[in-house]
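Me: Hi! Could you walk me through this model? I'd like to take it piece by piece.

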Amino acid sequence: MSSVEVAYTALRDGIARGEHAAGSRLREEDLAATLGLSRTPVREALRRLQAEGLVEVEPRRGALVATWSADELDEIFELRALVEGYGARRAAARVADAQVGLLEELCEGMEEAVAAP
């Protein structure tokens with residue numbers, strides 16, 4: 001895994017877990033030191049996260065974790081529900097019998113795990 005990928009994954013996961021709160025500043029120097037990398041891969045990872053909408057980069061001010069309004073979050077979840085439903089329908093139409101059997105085994109295993117003391 002490249003150093004850019006390491007930085008990107010660590011930052012994305014940190015944002016998703018809430019380690020970097022919405023609106024908080026992401027200082028390249030601090031992130032590079034924490035991750036044991038130079039600033040260049042951190043900078044590239046921040047650009048990638050900006051393109052994905054997870055980070056906002058302000059000229060001469062640095063990067064911030066993006067903030068989203070309640071309306072934006074509602075829209076994201078509506079779109080996600082549509083896309084996931086569509087994907088599930090397409091997958092179900094193409095599933096082979098062997099795959100259905102495997103899914104049934106996995107489901108039974110999960111039910112047993114939930115029922116276990």
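Reply: Happy to; we can go through the sheet, the core and then some single residues.

Me: Great. What should I know about the source and the numbering first?
Reply: This is a predicted model, so to speak for its limits: local features need pLDDT of at least 70, side-chain atom pairs count only at pLDDT 80 or more, and totals for chains, interfaces and linings use all residues. Residues are numbered from 1 along each chain as its sequence is written, and side-chain values use heavy atoms, with hydrogens and water left out.Me: Thanks. What is the strand order in the sheet?
Reply: The order is E1-E3-E2, in an open sheet of three strands with antiparallel pairing. Strands (E, at least two residues) and helices (H or I, at least four) are DSSP runs, numbered from the N terminus, and two strands pair if DSSP finds at least two bridges between them.

Me: Which strands are at the edges?
Reply: Strand E1 (25-26) and E2, each of which pairs on one side only.

Me: How many bridges join E2 to E3?
Reply: Four bridges join E2 (residues 55-58) to E3 (residues 62-65), and the two run antiparallel. Among the facing residues, Glu-58 stands opposite Gly-62, and Val-57 is opposite Ala-63.

Me: And how many join E1 to E3?
Reply: Two bridges, again in an antiparallel arrangement. Arg-25 has Leu-64 in E3 as its bridge partner.

Me: What holds strands together in general?
Reply: Strands of a sheet pair through backbone hydrogen bonds, either parallel or antiparallel.

Me: Where does Arg-60 sit?
Reply: Arg-60 is in the loop between E2 and E3. That hairpin has three residues between the strands. The phi of Arg-60 is near 60°, a positive value in a residue other than glycine.

Me: Is Arg-60 buried or exposed?
Reply: Exposed, with a relative accessible area of 84%. The cut-offs are under 20% for buried, over 50% for exposed and partly exposed in between, using a 1.4 Å probe and protein chains only.

Me: Now the core. Which residues have the most contacts inside it?
Reply: In the largest nonpolar core, which has 15 residues, they are Leu-26, Leu-46, Leu-49 and Val-55. The elements that give two or more residues to this core are helix H1 (3-16), helix H2 (28-35), helix H3 (39-51) and E3. A nonpolar core here is a set of buried Ala, Val, Leu, Ile, Met, Phe, Trp, Tyr and Cys residues joined through side-chain atoms within 4.5 Å.

Me: What does Leu-49 touch?
Reply: Leaving out residues up to four places away in sequence, Leu-49 touches Tyr-8, Leu-11, Arg-12, Ile-15, Leu-54 and Val-55. Contact means heavy atoms within 4.5 Å.

Me: How does H3 lie relative to the strands?
Reply: H3 lies across E1, E2 and E3, and runs at about 115° to E2. Axes are lines fitted to C-alpha atoms, for helices over the stretch in contact, and angles run from 0 to 180 degrees between N-to-C directions.

Me: I noticed Tyr-8 in that list. What lies over its face?
Reply: Arg-48 does, at 3.6 Å from the ring centre. A charge sits over a ring if NZ of Lys or CZ of Arg is within 6 Å of the ring centre and within 35 degrees of the ring normal.

Me: Switching topic: where is Thr-67, and what does Thr-67 contact?
Reply: Thr-67 is in the loop between E3 and helix H4 (70-94). Neighbours within four places in sequence aside, Thr-67 is in contact with Ala-22, Gly-23, Glu-56 and Glu-72. At 41% relative accessibility, Thr-67 counts as partly exposed.
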